[in-house]
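My notes are set down in the order in which I looked.

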Amino acid sequence: MKLILNVIWLVLSGLWMAIGYVFAGIICCVLIITIPFGIASFRIAGYALWPFGRTTVERRDAGAGSVIGNVIWVIFAGWWLALGHIVTGLLLCVTIIGIPFGIANFKMVPISLLPLGREIVPTDQPFAARY
């Protein structure tokens, strides 16, 4: 079932959102100081391509650097990626078949806004091992 959902997701919105994350990652990697943002953007691009069967959890070892980095990320790249998820989610919710994918897009808005200090893990991984 996850495979079917991921393939439909890839066609309807995953490819376009992943391209947006890769584009943001390339821009971030051009500037030396923002390479950590680029790495986080590439990580989320993989999640945006194939999200079903995976989830995000907060990292316990993330500190003040992640908070400061997330503020910078929201200002320069996060808001337009989140806007892309919102617009895509609204367009998908127009059809009955697209509603679950629209909801999945809305669930990706928080990680598009605040990617640092989060980790992408499989959903079948035991809950205790996530931390």
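**Conventions.** I am working with a predicted model, in which local features need pLDDT of at least 70 and side-chain atom pairs count only at pLDDT 80 or more, while totals for chains, interfaces and linings use all residues. Residues are numbered from 1 along each chain as its sequence is written, and side-chain values use heavy atoms, with hydrogens and water left out.

**Salt bridge.** I looked for salt bridges (a side-chain nitrogen of Lys or Arg within 4 Å of a carboxyl oxygen of Asp or Glu), and the structure holds 1. The pair is R118 with E58, at 3.8 Å from N to O. I then checked accessibility, where buried means under 20% relative accessible area, exposed over 50% and partly exposed in between, with a 1.4 Å probe and protein chains only. R118 counts as partly exposed at 22%, whereas E58 counts as exposed at 53%.

**Pockets.** A pocket here is an open set of points on a 1 Å grid over the protein atoms alone, where a 1.4 Å probe fits and protein lies on both sides within 12 Å along at least five of seven lines; its lining residues have an atom within 4 Å of a point. The volume is the space filled by probe spheres set on the points, which are joined across faces, edges and corners.

The largest pocket holds about 290 Å³, and of its 15 lining residues, Y47, R54, A104, K107 and M108 are the closest to the centre. Two or more lining residues come from each of β1, α4 (99–107) and α5 (109–113), and α4 gives the largest share, 4 residues. I sorted the lining by class (Ala, Val, Leu, Ile, Met, Phe, Trp, Tyr, Cys and Pro nonpolar; Asp, Glu, Lys and Arg charged; the others, Gly among them, polar), which gave 9 nonpolar, 3 polar and 3 charged residues.

The second largest pocket holds about 210 Å³. Of its 13 lining residues, the closest to its centre are E58, N70, L116, G117 and R118, a list that includes both partners of the salt bridge. Helix α3 (residues 64–92) supplies the largest share of this lining, 3 residues.

**Core.** Of its 21 residues, Y21 and W73 touch the most other members. The elements giving two or more residues are α1 (2–30), α2 (35–49), α3 and α4, with α2 giving the most, 6 residues.

**Single residues.** Which residues does N6 contact, leaving aside its neighbours within four places in sequence? With contact meaning heavy atoms within 4.5 Å, I found L49, W50, P51 and F52. N6 sits in helix α1 and is buried, with a relative accessible area of 1%.

G117 lies in the loop between α5 and β2 and counts as buried at 17% relative accessibility. Its C-alpha atom is 5.0 Å from that of A62, 55 residues apart along the chain.

Technical notes
Core = buried A, V, L, I, M, F, W, Y, C linked by side-chain atoms within 4.5 Å.
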